[in-house]
Amino acid sequence: MVRLTRIYTRGGDQGETSLGDGGRVPKQALRVDAFGTVDEANAALGLARLHTESESAVDAALARIQNDLFDLGADLATPEGGRENALRILGAQVERLEREIDAWNASLAALDSFVLPGGTPLAAHLHLARTVVRRAERLVAALAAAEPVNPEALKYLNRLSDHLFVLSRHVNDRGARDVLWRPGAHR
C-alpha cells in the first residue's frame with residue numbers, strides 16, 4: 001500500500017515531476033500526459049458511478065476498473081526497466097475485460113447505426129469516460145512508439161473503451177434507449 005503523509009512536496013514547483021523509478025521529467029512529457037489522462041478517465045468513471053444506484057453489477061465492474069486504472073497509472077509512471085517489481089498491467093486484467101464485454105454484449109441487439117452519446121445519465125457518463133480512455137490510448141500508443149511500454153497497458157485501454165461502449169448500451173435499457181446516428185438527417 002501507499003502511505004501519504006504529506007500532500008504537497010514542492011517538488012513540482014519548477015515544472016518537473018517524479019516518476020515511479022525516481023527519475024524526473026517535465027510535466028508536459030508524453031509519459032506524464034499519458035498517465036494523467038488515465039487519471040482523468042478514472043475521475044470520469046467516478047462520476048458515472050454516481051448513477052449506478054440500481055445497477056450493482058455495473059457499479060462493481062466500474063469499481064474494479066477504477067482500481068485497475070490506478071494500476072495502469074503506476075505502470076505508466078514507471079518506465080520499463082526502471083524499477084524491479086514495478087506494478088504492471090497483466091494479461092489477466094485484459095482478459096477479464098473481454099469476458100465482461102462478452103457477457104454484457106450477449107443481451108444486446110446488433111447495431112444498424114453508430115450510437116450517439118446519451119440515453120440515460122449513466123450511459124452518457126460512460127460515453128464521456130470512453131472518449132477519455134480513447135485519448136489515453138492514443139497517448140500511450142505515441143509513448144510506445146517513442147520508448148518501451150508494457151504492451152498489456154495499451155491492450156487494456158483498447159479493451160476498456162470497448163467495455164465502456166458495451167456497458168453504456170447495457171445501461172440504456174439494453175440498447176432500447178440508445179440514441180442512434182441518422183446520417184444527414186438535419187441537412
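Trainee: How many residues does H5 have, and what distance does the helix reach from its first C-alpha to its last?

Mentor: Helices are DSSP runs of H or I with at least four residues, strands are runs of E with at least two, and both are numbered from the N terminus. The expected span of a helix is 1.5 Å times one less than its number of residues. H5 has 21 residues and reaches 30 Å between its end C-alpha atoms, close to the 30 Å expected at 1.5 Å a residue. Please keep in mind that this is a predicted model, in which local features need pLDDT of at least 70 and side-chain atom pairs count only at pLDDT 80 or more, while totals for chains, interfaces and linings use all residues. Residues are numbered from 1 along each chain as its sequence is written, and side-chain values use heavy atoms, with hydrogens and water left out.

Trainee: What caps the N-terminal end of H5, and what happens just after the helix?

Mentor: A polar contact is a pair of N or O atoms within 3.5 Å; within protein, one must be able to donate a hydrogen and the other to accept it, and residues adjacent in sequence count only if both atoms are side-chain atoms. At the N-terminal end of H5 the cap is Asn 150, with a side-chain oxygen 3.0 Å from the backbone nitrogen of Glu 152. Just after H5, Asp 173 takes a positive phi of about 50 degrees.

Trainee: Is Asn 85 buried or exposed?

Mentor: Buried means under 20% relative accessible area, exposed means over 50%, and partly exposed lies in between, with a 1.4 Å probe and protein chains only. Asn 85 counts as exposed because its relative accessibility is 70%, whereas Asp 173, at 43%, counts as partly exposed.

Trainee: What is the relative accessible area of Leu 167, and which residues is it in contact with?

Mentor: Contact means heavy atoms within 4.5 Å. Leu 167, which has its place in helix H5 (residues 151–171), is buried, with a relative accessible area of 0%. Leaving aside neighbours within four places in sequence, Leu 167 is in contact with Val 58, Leu 62, Trp 104 and Leu 126.

Trainee: Which side chains make a polar contact with the side chain of Glu 100?

Mentor: Glu 100 is in helix H3 (residues 91–105), and it counts as buried because its relative accessible area is 11%. Its side chain makes a polar contact with the side chain of Arg 64 at 2.6 Å, and another with the side chain of His 163 at 2.7 Å. His 163 belongs to helix H5 and is itself buried, at 0% relative accessibility. Not counting residues up to four places away in sequence, His 163 touches Ile 65, Leu 97, Glu 100, Ile 101 and Trp 104.

Trainee: Where does Thr 52 lie, and what does its side chain meet?

Mentor: Thr 52 lies in the loop between helix H1 (30–49) and helix H2 (56–77), and at 5% relative accessibility this loop residue counts as buried. A polar atom of its side chain lies 2.9 Å from the backbone oxygen of Arg 49, and a polar contact of 2.9 Å joins the side chains of Thr 52 and Asp 59.

Trainee: Which elements do the buried residues of H1 pack against?

Mentor: An α-helix has 3.6 residues a turn, so residues three or four places apart point the same way. The buried residues of H1 include Ala 34, Val 38, Ala 41 and Leu 45, and the buried residues of this helix pack against strand E1 (16–18), strand E2 (24–26), H2, helix H4 (121–146) and H5.

Trainee: How many helices and strands does the chain have, and how do they run from the N terminus on?

Mentor: The chain has 5 helices and 4 strands, and from the N terminus on its elements run β-β-α-α-α-β-α-α-β. Buried residues make up 41% of its 187 residues, and among contacts with a separation of 6 or more, 73% are between residues 24 or more positions apart.
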